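These are my notebook entries on a structure that is new to me. I record what I looked up, in the order in which I looked.

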Amino acid sequence: YLTFTVNGTDTDLVNMSYSLWAVIGHSNNVYENLGKSPAPEEVRRYCQGECLTWKALAYFYLVRTFGDVPIIHSNSAELESGTYNSKFKVRRADVIMTLEKAIELLPEKAAQGGRIDKYCAKGLLAKVYLTKAGLSGTRDADDLAKAASYAKDVIDNSGRQLMPEYSDIFRLKNNV
């Protein structure tokens, strides 16, 4: 990996790809089933927002690794249409649209620890814009400004703060 000599048959790379596509497929199924659920609207929106955030995170890693990839919004629609083998790669910007929809659906604050809320999605969107800002080989000032704006919103309004010791974020006791 350090010498950039990995090819598409590398077992770890293939497994990573499969696991991210599994996250996307699962997120799509749950999102679609929630739309038909008799659960209260607030609960459905919350869970759909979480699905979209997980889906966007998986796409973010796929795009960072492979570049443009096909975006699948509905597994059942793809299977019904029979066009799943002829999908074309789409623009990376669809990750941004997925996160914007997640932000719209998610609550301001998570109902309990460990759940995704609006600021989790905004933090990821800041990271997406920061990454996108340098993809062309030059820094895109608009994307940097958007990244800064979303990051500042999370810092100023989420009620969260950094841990004093960086290594503590990797300790199980702090995973709440």
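**Entry 1: overall composition**

I began with the secondary structure and found six helices and zero strands in the chain. Read along the sequence, the pattern is α-α-α-α-α-α. I note at the outset that this is a predicted model.

I then looked up the extent of the chain. Along the principal axes, its C-alpha atoms fill a box of roughly 50 × 45 × 35 Å. The chain has 176 residues, and buried residues make up 32% of them. Of the contacts with a separation of 6 or more, 61% are between residues 24 or more positions apart.

**Entry 2: aromatic pairs**

How many aromatic pairs does a search of the whole structure find? The search returned four. I recorded two of them in detail.

The pair of W21 and Y59 is edge-to-face, with 5.8 Å centre to centre and 90° between the planes. This pair links distant parts of the chain, since W21 is in helix 1 (residues 11–35) and Y59 in helix 2 (residues 41–66), 38 residues apart. I looked up the accessibility of both partners. W21 counts as partly exposed because its relative accessibility is 29%. Y59, at a relative accessible area of 1%, is buried.

The pair of Y129 and Y150 is stacked: the centres are 6.1 Å apart and the angle between the planes is 5°. Y129 lies in helix 5 (residues 118–133) and Y150 in helix 6 (residues 141–157), so this pair ties together parts that are 21 residues apart in sequence. Y129 has a relative accessibility of 5% and therefore counts as buried. Y150, with 22%, counts as partly exposed.

**Entry 3: helix 6**

Helix 6 has 17 residues and reaches 24 Å from its first C-alpha to its last, close to the 24 Å expected at 1.5 Å a residue.

Which residues of helix 6 are buried? I found D143, A147, D153 and V154. As background, an α-helix has 3.6 residues a turn, so residues three or four places apart point the same way. The other side of helix 6 has A141, D142, K152 and I155, which are exposed. I next asked what the buried residues of helix 6 pack against. The partner is helix 5.

I also inspected the two ends. At the N-terminal end, D140 caps helix 6, with a side-chain oxygen 2.9 Å from the backbone nitrogen of D142. After helix 6 comes G159, whose phi is positive, near 80°.

**Entry 4: P107 and Y46**

I turned to the loop between helix 4 (93–105) and helix 5, where P107 has its place. P107 has a relative accessible area of 25%, so I list P107 as partly exposed. Leaving aside neighbours within four places in sequence, P107 is in contact with Y46, D117 and K118. I also looked up T53, which is 54 residues from P107 along the chain; their C-alpha atoms are separated by 13 Å.

The charged end of R115 sits over the ring of Y46, 4.7 Å from the ring centre.

Apart from neighbours within four places in sequence, R44 is in contact with L34, S37 and A39.

N28 lies in helix 1. Its relative accessibility is 3%, so N28 counts as buried. With which side chain does the side chain of N28 make a polar contact? I found K55, at 2.9 Å. Beyond neighbours within four places in sequence, the contacts of N28 are K55, I72, H73, S74 and N75.

Note on methods. Residues numbered from 1 in each chain as written. Predicted model: local features only at pLDDT ≥ 70, side-chain atom pairs only at ≥ 80, totals over all residues. Heavy atoms only, no water. Phe/Tyr/Trp six-rings, centres within 6.5 Å; stacked < 30°, edge-to-face > 60°. Helix = DSSP H or I, 4+ residues; strand = E, 2+ residues; numbered from the N terminus. Buried < 20%, exposed > 50% of the residue type's maximum accessible area, 1.4 Å probe, protein only. Lys NZ or Arg CZ within 6 Å of the ring centre and 35° of its normal. Expected span 1.5 Å × (residues − 1). Contact = heavy atoms within 4.5 Å. Polar contact = N/O pair within 3.5 Å; in protein donor to acceptor, adjacent residues only side chain to side chain.
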